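Colleague: Could you walk me through this one? I'd like to start with the overall layout and then go into some details.

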Amino acid sequence: MSTRVEGALGALYPFLDDRPADLDAVLAAVATSTAEKAAEIVALRRSLVTEHGQRLVDCAVRCAAAFAAGGTLYAFGNGGSSTDAQDVAQLFLHPPAAARPLPAISLTHDVALITALSNDVGFDVVFARQVAAFGRAGDIAVGLSTSGGSANVVRGFAEAAQRGMVTIGIAGYEGGRMAESDVVDHLFVVPSASVHRVQEAQTTLYHVLWELTQHALAGEL
């Protein structure tokens, strides 16, 4: 008996269906889908230049001033955004050889601390509590969320703002709760409903922010 795989799973993984199939047609469909996704992210990234270009420059100048005054960057997010937060911290702290390393910490890397706070207090405070412990006026808080609605990220921003930190939000969709908040100094929204495209474009945003910050520190902005 042949197995029929339908719906979203069948569309993503046509090879799971053991019924006779036209291999050339399957490969052509995969090629078309790949090309469409590539074109989509290229167009999305280009749109960010118009939407966020000058605002990224302004944010980078402010970040450079914070670093020059001895500030530290703290990055945080959930799920895929937690790995992006770790990438942000790594990028600033351990950049390519020719660039200047800058103090940066990911608030998602300590599993013991994250699970202790989640278990003993609540998951909504896992970033706010760390910001309260480590953050100082003039430091930088970078929060990432594909939806913009992560409660613990928004609470992290609230704590950072209370302490006089520079707050930078990187979101998707329409910005969610980040866009509604008055505690995010610099908000960069990727206008897409696809989590995949959002995260791909967010990676571009924070790499550009890092590069511009390096230029600002060198007096080139």
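Modeller: What follows goes from the fold to the sheet, then to helices, salt bridges and aromatic rings.

Modeller: Please keep in mind throughout that this is a predicted model.

Colleague: Fine. How many helices and strands are there in the protein?

Modeller: The protein has eight helices and five strands, and read along the sequence they follow the pattern α-α-β-α-β-α-α-β-α-β-α-β-α.

Colleague: And what share of the residues counts as buried?

Modeller: Of the 221 residues, 42% count as buried. As for the contacts between residues at least 6 apart in sequence, 67% of them join residues that are at least 24 apart.

Colleague: On to the sheet: in what order do the strands come, and is the pairing parallel or antiparallel?

Modeller: The five strands make an open sheet in the order E2-E1-E3-E4-E5, with parallel pairing. Strand E2 (104-106) and strand E5 (186-190) are at the edges and each has a single partner strand, so one side of each is left without a neighbour in the sheet. From one strand to the next, the twist averages 15 degrees.

Colleague: How many bridges join E3 to E4?

Modeller: Six bridges join strand E3, residues 140-145, to strand E4, residues 166-172, and the two run parallel. Within that pairing, valine 142 stands opposite isoleucine 168 in E4.

Colleague: Which strands does helix H3 lie across?

Modeller: Helix H3, residues 80-93, lies across strand E1 (73-77), E2 and E3, and it runs at about 160 degrees to E1. Its buried residues are Ser81, Ser82, Asp84, Ala85, Val88, Ala89, Leu91 and Phe92.

Colleague: What span should H3 have, and how far apart are its end C-alpha atoms?

Modeller: At 1.5 Å a residue, the 14 residues of H3 should span 20 Å, and the end C-alpha atoms are 20 Å apart, which agrees. The corresponding check on helix H8 agrees too, since its 23 residues should span 33 Å and its end C-alpha atoms are 33 Å apart.

Colleague: While we're on H8, which of its residues are buried?

Modeller: The buried residues in H8 are Arg197, Val198, Ala201, Gln202, Leu205, Tyr206, Leu209, Trp210, Leu212, Thr213, Gln214 and Ala216. Just after H8, glycine 219 takes a positive phi of about 75 degrees.

Colleague: What is glutamine 214 in contact with, leaving aside its neighbours within four places in sequence?

Modeller: With those neighbours set aside, glutamine 214 is in contact with Ala99, Arg100 and Leu102. Glutamine 214 has a relative accessible area of 15%, and because buried means under 20%, it counts as buried.

Colleague: Switching topic, how many salt bridges does the count come to?

Modeller: The count comes to four salt bridges, and one of them joins aspartate 185 to arginine 62, with the closest N and O atoms 3.7 Å apart. Aspartate 185 lies in the loop between helix H7 (176-180) and E5, while arginine 62 is in helix H2 (residues 23-68), so the pair ties together parts that are 123 residues apart in sequence.

Colleague: Where in the protein are arginine 197 and glutamate 200?

Modeller: Arginine 197 and glutamate 200 both lie in helix H8 (residues 195-217), three residues apart, which is about one turn of the helix. Their side chains meet in a salt bridge at 2.9 Å, N to O. Arginine 197 is buried, with a relative accessible area of 8%, whereas glutamate 200 is partly exposed at 28%.

Colleague: What about arginine 136, which residue does its side chain meet in a salt bridge?

Modeller: The side chain of arginine 136 meets that of aspartate 139, at 3.7 Å from N to O. Aspartate 139 is buried, with a relative accessible area of 0%, while arginine 136 counts as partly exposed at 47% relative accessibility.

Colleague: Last one: how many aromatic pairs does the structure hold, and which residues do ring pairs link into a cluster?

Modeller: The structure holds four aromatic pairs, and ring pairs link Phe76, Phe127 and Phe157 into a cluster.

Methods:
Residues numbered from 1 in each chain as written. Predicted model: local features only at pLDDT ≥ 70, side-chain atom pairs only at ≥ 80, totals over all residues. Heavy atoms only, no water. Phe/Tyr/Trp six-rings, centres within 6.5 Å; stacked < 30°, edge-to-face > 60°. Pairing = 2+ DSSP bridges. Helix = DSSP H or I, 4+ residues; strand = E, 2+ residues; numbered from the N terminus. Axes fitted to C-alpha atoms, helices over the stretch in contact; angles between N-to-C directions. Contact = heavy atoms within 4.5 Å. Expected span 1.5 Å × (residues − 1). Buried < 20%, exposed > 50% of the residue type's maximum accessible area, 1.4 Å probe, protein only.
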